[in-house]
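Hi everyone, thanks for coming. Please have a look at the sequence and the structure on the screen, and then we'll walk through a few parts of it together.

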Amino acid sequence: MSEILTNYDIKGNYPSILIDGCKELGISLSDRQTSQLVQFYRMMYDRNQVMNLTAVTEWDEVQTKHFLDSLLLIKVLDLSKKMSVLDLGTGAGFPGIPLKIVFPHLDFVLVDSLNKRVGFLNEVITALGLTNIQALHGRAEDLGKRKEYRESFDLVVSRAVANLSSLSEYCIPFVRKDGFFISYKAAQISEEVRRAEAAIRILGGKVSEVMTVPLPGTDMERSFVVIRKENRTPSRYPRKAGTPSKEPL
Ligand code: SAH
């Protein structure tokens, strides 16, 4: 532990906001998990100098807006069981990488349509020694038609990718029947949910809950839209790449 602490101190990355926030969420981080998160931050910070990964780069803000925010899922779902999880439009790895570090028994596929970001994620996965996690380059509209991915995940999560109607067409096809799609959304979400309800139904889902939870260490809140997959998705969805965002259902 002392060696790890020294490492944080050198770069001024002591993770006190993260550790306190995790306590509030009922998560006690091991030394290994803490150092993995710090290492992930350093890799992201360094790479962000040469490619566009994230607008949030200050250590304090990364601890709240990226790490704790990703982990807020624990307020919505029991994460203690083994599950296959897809993170659609993961970008620099949110919420997927923090969730994988803290809940290593979850199996993850991280998808993004920008190959450079997928390349970065593969470096992170190797450097942190993460297993049962794969970063995949592709668009939701294409991957969601492929047999090996379609209707094969217990849970799909997504943060900051698209409005809920388009996002549902990206995500619900990947969810197995009786599985869940959980979208990370802004606190004020009722109107967007109301507008997406018809689309969600067409795709085989049903909104089971909208939960608003405080983000530790801030005065902000985040909402989660919990969608349960009740029926299989008709084979014509997702429509071809670009259509779900141009002409939302
Ligand atoms: N989830 C991350 C990144 C959000 S930015 C976070 O919260 O920080 C949105 C990301 O979604 C981008 O990296 C973009 O490349 C990806 N994306 C957008 N449309 C997509 C699609 N149709 N299929 C796969 N990835 C997509």
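Before we start, one definition: when I say helix, I mean a DSSP run of H or I with at least four residues, and helices are numbered from the N terminus. Just after α2, G26 takes a positive phi of about 80 degrees. Please also keep in mind that this is a predicted model.

Let's stay with that helix for a moment. Which residues of α2 are buried? Helix α2 runs over residues 16–24, and its buried residues are L18, G21 and C22. They share the same side of α2 because they cover an arc of only 100 degrees around the axis. If you now turn to the face that points away from this buried side, you find K23 and E24, which are exposed. And what covers the buried residues of α2? The cover includes α3, residues 31–48, and α4, residues 59–71.

Next stop, the ligand. How many residues surround the ligand? There are 16 of them, and the closest are G89, F94, D112, R117 and R159. Let's pick out three of these and look at atoms. With D112 we move to the side chain, where a polar atom lies 2.7 Å from an oxygen atom of the ligand. R159 also uses its side chain, with an N or O atom 2.6 Å from an oxygen atom of the ligand. As for the ligand's surface, it exposes 580 Å² when taken alone, and the protein buries 82% of that.

Last, let's go to strand β7, residues 221–229. Is this strand mostly covered or mostly open? It is mostly covered, with seven of its nine residues buried. One is β5, residues 175–186, and the two pair in the antiparallel sense over seven bridges. To find that pairing on the screen, look for F180, which stands opposite R228 in β7. Another partner is β6, residues 205–214, which is also antiparallel to β7, this time over nine bridges. Here you can look for V207, whose bridge partner in β7 is I227.

β6 and β7 form a hairpin with six residues between the strands. In this hairpin, G217 takes a positive phi near 80 degrees.

How values were computed:
Residues numbered from 1 in each chain as written. Predicted model: local features only at pLDDT ≥ 70, side-chain atom pairs only at ≥ 80, totals over all residues. Heavy atoms only, no water. Buried < 20%, exposed > 50% of the residue type's maximum accessible area, 1.4 Å probe, protein only. Arc of directions from axis to C-beta. Contact = heavy atoms within 4.5 Å. Near = heavy atom within 4 Å. Polar contact = N/O pair within 3.5 Å; in protein donor to acceptor, adjacent residues only side chain to side chain. Areas by Shrake-Rupley, 256 points an atom, 1.4 Å probe, with all protein chains shown as cover. Pairing = 2+ DSSP bridges.
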